Amino acid sequence: MEIMLILTLSLLLAWPLGVYMTGIFSGQAHWSDRLFGPLERGIFKVLGINQQQGMDWKSFGIAFLLSNLLLGVIAFLLLMLQHLLPLNPDGVGPLSWDLALHTAVSFLTNTNQQHYSGQAQLSFLSQSFVIVTLQFVTPAMGLAVCLGVLRGLLGGRNQATAQEGEARDLGNYYQDTVRAVLRLMIPLAAIVALALSSQGVPSTYQPSPTVSVLEQGQSLTEQKIPLGPVAAMVAIKQLGTNGGGWYGPNSANPLENPTPLSNLIETIALVLIPIAVVFMAGGMLRQRGFALMSLGVMGFLSLLCVAAAVYSEQQPNIAFAELAQSSGNMEGKEVRFGTDLSALWATLTTQTSNGSVNAMHDSLNPLAGLVTRSGMLINAIWGGIGCGFVNFIVYVWIAVFIAGLMIGRTPEIFGRKLEKAELSALGVLLVLPSAVILLFTAITLSFPALIGNSNPGLHGISQVFYEYTSAFANNGSGFEGLADNTPWWNITCVIVLLLGRYLPLVIPLYIAGMLAKKRQIPPSAASLPLANVTFGVTLLTVILILNFLSFLPSMVLGPIGEGLAESHIETISQQTSAITTQLQSVTGGAQ
Amino acid sequence: MNTAVLTQASLAAFQKLTPTQAVKSPVMLVVWVGTLLALFLTAGQIQQGQSYGFALACSLILFFTLWFANFAEAIAEARGRGQAQSLKASRRDLTAQLLNRSGQLSKVAASQLKAGDQVRVQAGEFVPADGEIIAGVATINESALTGESAPVLREAGTDHSGVIAGTTVLSGTITVQVTAEAGHSFLDKMIRLVEGTNRQKTPNELALTVLLAALTLVFLIAVATLPALASFVGIELDLLMLIALVVCLIPTTIAGLLPAIGIAGMNRALGANVIAKSGKAVEVAGDIDTLLLDKTGTITFGDRQATNFLPLPGIAMSQLVQGAQLCSLQDPTPEGKSVLKLAQQEGFAEQTAPDNAEFIPFTAQTRLSGLTCDDGGHWIKGAFDAVKKWAQSRGIAVPNALEPLVTKVAQQGATPLVVANQQQILGVIQLSDVIKPGVAERFAQLRALGVRTVMVTGDNPITAGAIAAIAGVDDFVAEAKPEDKLDLIRREQAKGRLVAMVGDGTNDAPALAQADVGLAMNSGTQAAKEAGNMVDLDSDPTKLLAVVEVGKQLLITRGALTTFSLANDVAKYFVIVPAVFAVAMPGIGALNFMQLPDPEIAVLSALIFNALIIPALIPLALKGVKIRAISAEKLLRNNMLIYGFGGILLPFVAIKLIDVVLNWMI
């Protein structure tokens with residue numbers, strides 16, 4: 001019931017938000033110009049950037065990469081030097097260089113994979129300026145690239161005047177980014193932060209208070225309660241598909257997520273902007289039908305996954321199979337939320353590349369484990385802000401290629417042909433996830449000393465696989481139980497994070513740039529219609545089959561194997577106990 | 001398909017096993033390497049005295065997978081060659097009568113002819129080389145090329161002056177200027193094309209190859225990383241099983257059939273008597289948005305025929321018909337003859353000319369024709385304004401009802417001929433440009449395939465509009481000059497449309513070259529044939545419909561088999577994955593819901609299915625997926641159902657069957 005309420009509310013709120021986003025990014029005058037225009041002009045004056053300057057895919061991509069490099073270097077230095085810098089009332093020390101690098105890259109890539117434990121290892125300055133700044137800026141950057149891709153699909157802003165083969169104007173990267181931060185992220189975060197504060201989420205710059213613990217044990221009599229501007233950070237970590245919480249246990253911690261209402265707000269905030277991006281795409285492309293088809297495909301997959309995860313967690317924990325336990329799988333979950341809301345959160349957070357948690361994913365039953373991993377591998381069911389829809393477009397391109405052939409035309413999307421150059425780039429994107437995730441998983445597992453995981457056997461494979469998947473999908477959720485703050489984990493994850501962020505954004509930008517300058521074929525009766533159920537089902541099949549085919553073998557050595565092995569053990573143990581009973585009765589008879 | 005073709009293709013399939021051939025398809029290259037590995041493993045097992053049955057069986061099946069793929073390509077090539085051979089046969093041992101500058105004839109072998117040479121060809125002789133008639137007129141039998149035995153007329157200085165090597169002159173003597181040396185004629189070019197010697201991958205084929213290569217790499221990685229994952233939990237995986245897994249997963253079905261589909265597309269075009277100069281042209285034909293058609297000769301027969309007699313008020317029908325007959329009696333034009341024919345059809349008595357009558361032939365000045373008698377009797381017919389002038393000059397009244405009648409006829413797309421005698425104006429003969437039967441249906445089919453038809457005509461807009469409405473074209477351009485076609489094509493292309501056009505005249509050549517698909521009529525001039533990228537041997541302009549279908553079929557077949565190939569993988573997974581892990585992880589048996597008892601036999605069954613599906617689909621690849629004129633969405637739905645969901649289901653059933661048989665045999 002609550003699940004339906006949350007999902008319905010998300011959809012209802014995302015719609016007007018999507019319309020608003022179309023308004024601020026479509027280049028037409030908008031009512032928000034009066035509010036934000038002067039401030040934006042001021043910012044661009046200071047930065048010395050002409051926000052009207054159109055960019056082709058190359059300059060757009062370079063601007064994106066360079067601005068990321070700059071931010072990355074600053075973040076890295078701030079983290080390395082945090083012990084020397086102000087706003088460090090608790091006197092936390094410096095991070096090791098590899099942890100600092102991992103943390104900087106992790107937040108730069110909108111991933112928020114945490115190999116540190118937030119409140120203990122970061123100063124207020126690091127949390128507020130490095131973490132929070134990146135949490136605001138990086139989703140905006142992803143959205144900017146998405147906007148570039150969308151404009152490319154329609155031939156760029158100079159479509160009306162440009163000649164065939166001429167470079168196309170995909171918009172101005174800086175203008176998109178700044179507008180996304182100022183007009184979207186900040187106002188929304190303010191609203192959510194206020195709402196969360198009202199529910200009791202801390203919002204203070206005071207040093208941590210020390211309190212006496214209730215149960216006075218021998219070793220522990222007092223405890224420091226770390227506080228800070230938690231509400232603000234939680235708001236943006238949820239909204240910006242970030243996921244890095246103030247506290248290590250993330251939104252499972254009562255200070256981050258104290259009440260049912262705060263849980264509702266935070267869950268909606270998880271999916272709000274990613275869903276709104278779909279509405280926005282419809283507006284930007286002026287393709288209502290296409291947006292509805294996208295919404296249908298993503299919504300179907302999302303609901304399917306939610307249903308599977310909820311069902312999975314309503315079952316008893318597989319480890320307790322032999323016990324007479326009928327309630328759901330409560331291991332690693334907050335009693336306050338129960339199995340349903342935890343399963344919902346786990347599904348949505350992995351679909352949206354957010355990665356915040358309100359329960360421990362390590363303890364999910366195998367089916368839900370499979371669902372969370374599928375969400376990250378597909379990475380286009382809503383997905384991260386901007387990058388999720390870009391991934392979705394990549395699937396659309398592949399589906400259009402196959403479906404286009406099947407109706408007897410050279411495949412085209414919005415009137416532009418997909419040819420060898422585009423297919424080569426799509427090929428790279430197709431190979432990239434398996435190459436990165438599986439190769440790193442295989443290498444790491446080949447050297448068990450590197451892993452430092454808490455589980456042997458199949459679950460150990462799952463943990464390693466999950467960590468790299470989470471990094472590649474820029475999700476950031478952890479399977480936990482992994483001692484991941486080691487140079488090996490930090491450095492390999494940095495590589496995976498970078499590959500998982502920049503190639504899947506820049507390559508589609510290149511494809512969109514190439515497509516944009518092609519001759520546009522006007523739609524006719526023979527064009528492939530994208531706004532209908534048939535294409536939706538085709539796309540769905542392509543998404544599922546591609547991922548199924550790429551990752552089934554490794555899944556067998558993970559959650560599938562675990563699930564099946566457990567049920568196998570179950571039947572064996574049932575048989576054993578049956579035999580024992582028989583034996584007992586036999587021996588009893590003999591006595 | 002005869003046994004000779006099969007044997008030839010079987011041998012060629014072996015020749016294609018060389019590494020240089022194998023690298024052409026990345027997918028099949030993986031199978032090639034896998035086969036070598038499997039053979040190597042088999043040899044190792046034999047040497048160590050282990051049981052090698054499974055390894056040997058795997059190696060053999062892998063080998064046959066390769067061979068079948070090569071066979072598919074070879075058979076498509078062989079069929080093309082077969083078609084080419086029969087064309088070549090008509091060219092053997094031709095001799096020519098070379099005409100030297102002083103006008104003397106000498107016999108030379110046709111192979112000695114050079115471009116620019118002039119040859120004389122008489123009735124009963126073969127045309128020795130492609131060329132253009134520079135003098136004379138002849139009827140020619142082109143059945144060697146077209147299979148059509150009705151002779152065609154070829155005449156110097158017209159748009160029908162081209163002759164083709166290997167055809168026979170039935171009557172007349174012509175002087176032909178050779179335009180293509182031996183080995184460079186259209187036939188030679190075509191034969192080389194269908195023989196596949198210079199077949200190049202088409203743009204879409206290249207794009208698909210890239211996609212298939214990427215998928216192959218994905219599967220290679222998925223399988224290659226398995227041993228590392230498995231060894232973490234102490235599971236040793238069998239290398240042969242892994243090779244089998246890779247080969248089953250990579251899209252061998254479509255990759256094996258891809259070259260055959262492309263060659264077969266060209267063959268099908270050839271089967272429709274269309275020579276495509278490149279595979280690309282056939283592929284593009286499937287994308288055509290706009291089709292430009294000349295009205296005359298394409299949509300209509302081109303000669304106007306009498307279709308109705310319309311007497312003026314107060315004039316009897318018989319009076320008009322009599323006048324019409326009389327003034328047409330000695331008229332040699334097709335129009336004149338059709339007047340007599342119509343009168344006869346409608347049951348009017350035949351007329352004979354008065355003894356002393358004199359025929360007035362049509363001239364550009366008078367624009368009238370008819371009969372005049374000694375006694376001052378006149379019967380004339382002609383265009384409205386010409387007859388009006390004639391009548392006024394003789395003081396004959398022009399009734400008020402005439403002009404509306406004439407306009408009415410013109411509005412129907414017909415040409416009015418006014419008939420008069422020395423006393424009065426009798427009425428109007430309606431001459432209509434008769435639309436070819438079945439044209440409207442063809443345009444409807446084209447429309448369903450998304451092709452817009454535009455008629456180009458020199459007629460006035462009213463006539464053009466009327467014909468356009470009856471023929472069912474989507475648009476028309478009236479009062480067009482020949483050079484307007486080029487502009488029109490450019491305009492359409494600027495809007496992003498792909499344009500096809502049919503042409504035969506020299507003044508069509510620039511437009512044929514500009515069009516994305518230029519279908520030149522074989523009866524047309526050499527310039528037109530050089531400019532177009534396809535030549536229709538039958539000179540049938542509506543053939544373009546067939547070409548569009550061949551292009552679409554080509555793409556649909558590729559898409560359908562790609563989908564089928566990928567969909568097959570689902571079932572193969574459920575066969576091989578449980579088999580791979582069967583020993584180490586007994587729990588995985590739940591995935592084996594197909595209940596295949598023995599892991600090794602299960603893997604062999606999947607491999608056998610994987611190999612056999614290639615020859616099983618060769619007929620489909622050669623024939624092409626059937627195309628119907630339905631909406632794009634329906635087409636997609638049908639093909640997804642058949643090749644997508646069918647592709648998921650079929651292997652479950654087929655592999656289970658193969659497995660049952662194998663278990664029963666062993």
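Student: Is the crossing of α22(B) and α23(B) left-handed or right-handed?
Tutor: This is a predicted model, where local features need pLDDT of at least 70, side-chain atom pairs count only at pLDDT 80 or more, and totals for chains, interfaces and linings use all residues. Residues are numbered from 1 along each chain as its sequence is written, while chains are lettered from A and ligands numbered from 1 in the order in which they are written. Helices (H or I, at least four residues) and strands (E, at least two) are DSSP runs, numbered from the N terminus. A crossing is left-handed if the near helix is turned anticlockwise from the far one by less than a right angle, and right-handed if clockwise; that of α22(B) and α23(B) is right-handed.

Student: At what angle do α22(B) and α23(B) pack?
Tutor: Axes are lines fitted to C-alpha atoms, for helices over the stretch in contact, and angles run from 0 to 180 degrees between N-to-C directions. Angles under 35 degrees count as roughly parallel, over 145 as roughly antiparallel, 65 to 115 as roughly perpendicular and the rest as oblique. The two helices are therefore oblique to each other. Their axes lie 9 Å apart, and the angle is about 125°.

Student: How many residues of the contact of α22(B) with α23(B) are nonpolar?
Tutor: Residues are in contact if their C-beta atoms, placed from the backbone, lie within 7 Å. Here residues including I601(B) and F609(B) of α22(B) meet others, among them P651(B) and N663(B) of α23(B). Ala, Val, Leu, Ile, Met, Phe, Trp, Tyr, Cys and Pro count as nonpolar, Asp, Glu, Lys and Arg as charged, and the others, Gly among them, as polar. The contact of α22(B) with α23(B) has two polar residues, one charged, and the nonpolar ones number eleven.

Student: Which helix supplies the largest share of the side of chain B that touches chain A?
Tutor: Start with the contact itself: 62 residues of chain B meet 59 residues of chain A. In chain B, α7 (203–224), α8 (226–232), α21 (543–581) and α23 (632–665) each supply at least two residues of that side. The largest share is 15 residues, and it comes from α7(B).

Student: Which residue in the turn between β14(B) and β15(B) has a positive phi?
Tutor: Two strands pair if DSSP finds at least two bridges between them. β14(B) and β15(B) pair in the antiparallel sense over five bridges, and L368(B) stands opposite G382(B) in β15(B). They form a hairpin with five residues between them. The phi in the turn is about 85°, and it belongs to G376(B).

Student: How many of the five residues of β14(B) are buried?
Tutor: A residue is buried if 20 or more other C-beta atoms lie within 10 Å of its own, exposed if 12 or fewer, and partly exposed in between; C-beta atoms are placed from the backbone. β14(B) is also joined to β13(B), antiparallel, by three bridges, with F359(B) opposite L371(B). β14(B) is largely enclosed by the rest of the structure, because the buried residues number four.

Student: What is the bridge partner of A138(B) in β6(B)?
Tutor: Four bridges join β5(B) to β6(B), and the two run antiparallel. The partner of A138(B) is R154(B).

Student: Is D459(B) buried or exposed?
Tutor: D459(B) sits in the loop between β18 (452–456) and α17 (461–471) of chain B. Not counting residues up to four places away in sequence, D459(B) touches K295(B), A464(B) and A478(B). With 22 other C-beta atoms within 10 Å, D459(B) is buried.

Student: What is the phi of N112(A)?
Tutor: Most residues other than glycine have a negative phi, and most peptide bonds are trans. N112(A) lies in the loop between α4 (97–108) and α5 (118–121) of chain A, and counts as buried, with 29 C-beta neighbours inside 10 Å. It is not a glycine, yet its phi is positive, at about 65°.

Note on methods: Contact = placed C-beta atoms within 7 Å.
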